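The sequence and the coordinates are shown first, and the description follows.

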Amino acid sequence: MDHLPDLKQAEAILSRMHSLEAKDQQVFSARVDQEEAAVCHCTLCPSRDQEEQYDYCCQSLFRLPLRKNGQHLREGLKEKLRDPSTPCICLNPLFSNFLLTDTATNAAVALRNYETGTVDMDENRSRRFACYRLIIATVMGPLGRGIRVRLPACIISEVRKRWPSHSNTGFKPSDVLDD
Ligand SMILES: [Zn+2]
Ligand SMILES: [Zn+2]
C-alpha cells in the first residue's frame, strides 16, 4: 500500500496527462502562436477567459499553417461546406440543418447504443458525444477513424448549448476519441 500515490500526486499526474493529451490533439503547426489561433473571427467562440489553452476559432483553420490532422480536418470542411460564405462553420447548413440537430444526433446515439450494447443514461452527454463523433465521421470520412483532433471552440460551445451538461465537468477533448 505504500506505493499508492496520495491524492495530490494523483491529481498532478492526471492533470499532466490531460495537458499532454490536449497538446497531442492540437491542429496547428508548432510555429503558430496559440493565442493568435484563439482570436475569434467567426463571432461564435466563447470569450478567451472561458476557453482552454488549446481552444481555437474555426476560421483559424483556414488562415494558419496546420499539422497533418488539422489539414485533414480543413480539407474535409472545404469539401463538405457547400456555401462557405457563413462567418462561422456552425452557421453553415451542413451544421445548422444536419450535424447540430436532434434528428442527426439521436440517430447517432441509437447506432452507438446498438453497436456497443450499452446505453448512457445521461442523455445529453450521449448526444454531445455522438455529435462530436458524427462531425468527425462526416467531415473526415473513414480516414478520420482514430485520429486525434481537437474541434474548434465554437463547435464545442454550440454543442454544449444545445445539449447542456447537468454537471460542471464540461467537455474534455478526449470525449471525441474512440474508446
Ligand atoms: Zn470563432
Ligand atoms: Zn466558428
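Which residues in α6 meet which residues in α7?

## The contact of α6 with α7

The model described here is a predicted one. In α6, the residues concerned are Ala104, Thr105, Ala108, Val109 and Arg112, and they meet Ser126, Arg127, Ala130, Cys131, Arg133 and Leu134 in α7. By class, this contact of α6 with α7 comprises 6 nonpolar, 2 polar and 3 charged residues.

The two helices pack with their axes 8 Å apart, at an angle of about 95 degrees. An angle of 65 to 115 degrees counts as roughly perpendicular, and α6 is therefore roughly perpendicular to α7. Asn106 also belongs to helix α6. Asn106 is partly exposed, because 14 other C-beta atoms lie within 10 Å.

## Overall organisation

The protein chain contains 8 helices and 0 strands. Read from the N terminus, its elements follow the order α-α-α-α-α-α-α-α. The chain has 179 residues, of which 30% count as buried.

Among contacts between residues at least 6 apart in sequence, 67% join residues at least 24 apart.

## Helix α7 and its surroundings

Helix α7 covers residues 123-140. It has 18 residues and reaches 25 Å from its first C-alpha to its last, close to the 26 Å expected at 1.5 Å a residue. Just after α7, Gly141 takes a positive phi of about 70 degrees.

The buried residues of α7 are Ser126, Arg127, Arg128, Phe129, Ala130, Cys131, Tyr132, Arg133, Leu134, Ile135, Ile136 and Val139. What covers them includes α4, α5, α6 and α8.

## The contact of α4 with α7

Helix α4, residues 68-80, packs against α7 at an angle of about 75 degrees, with the axes 8 Å apart. The two helices are therefore roughly perpendicular to each other. On the α4 side the contact is made by His72, Leu73, Gly76, Leu77 and Lys80, and on the α7 side by Thr138, Val139 and Met140. These residues divide into 4 nonpolar, 3 polar and 1 charged.

Glu75 also lies in helix α4. Glu75 counts as partly exposed because it has 14 C-beta neighbours inside 10 Å. From C-alpha to C-alpha, Glu75 and Met140 are 8.2 Å apart in space, while in sequence they are 65 residues apart.

In soluble globular proteins, nonpolar side chains tend to be buried together. The largest nonpolar core of this model has 37 residues, of which Cys131, Ile135, Cys154 and Ile155 touch the most other members. The elements that give two or more residues to this core are α4, α5 (93-99), α6 (102-116), α7 and α8. The most comes from α7, with 8 residues. Leaving aside residues up to four places away in sequence, Cys131 touches Leu99, Leu100, Thr105, Ala108 and Val159.

Helix α8 spans residues 153-162, and Ala153, Cys154, Ile155, Ile156, Glu158 and Val159 are buried in it. What covers the buried residues of α8 includes α7.

## A positive phi at Thr43

Most residues other than glycine have a negative phi. Thr43 is not a glycine, yet has a positive phi of about 80 degrees. Thr43 is placed in the loop between α2 (34-38) and α3 (60-63).

Is Thr43 buried or exposed? Thr43 counts as exposed, because it has 12 C-beta neighbours inside 10 Å, and a residue with 12 or fewer such neighbours is classed as exposed.

Methods. Residues numbered from 1 in each chain as written. Chains lettered and ligands numbered in written order. Helix = DSSP H or I, 4+ residues; strand = E, 2+ residues; numbered from the N terminus. Buried ≥ 20, exposed ≤ 12 C-beta atoms within 10 Å, placed from the backbone. Contact = placed C-beta atoms within 7 Å. Axes fitted to C-alpha atoms, helices over the stretch in contact; angles between N-to-C directions. Parallel < 35°, antiparallel > 145°, perpendicular 65-115°, else oblique. Nonpolar A, V, L, I, M, F, W, Y, C, P; charged D, E, K, R; others polar. Core = buried A, V, L, I, M, F, W, Y, C linked by C-beta atoms within 7 Å. Expected span 1.5 Å × (residues − 1).
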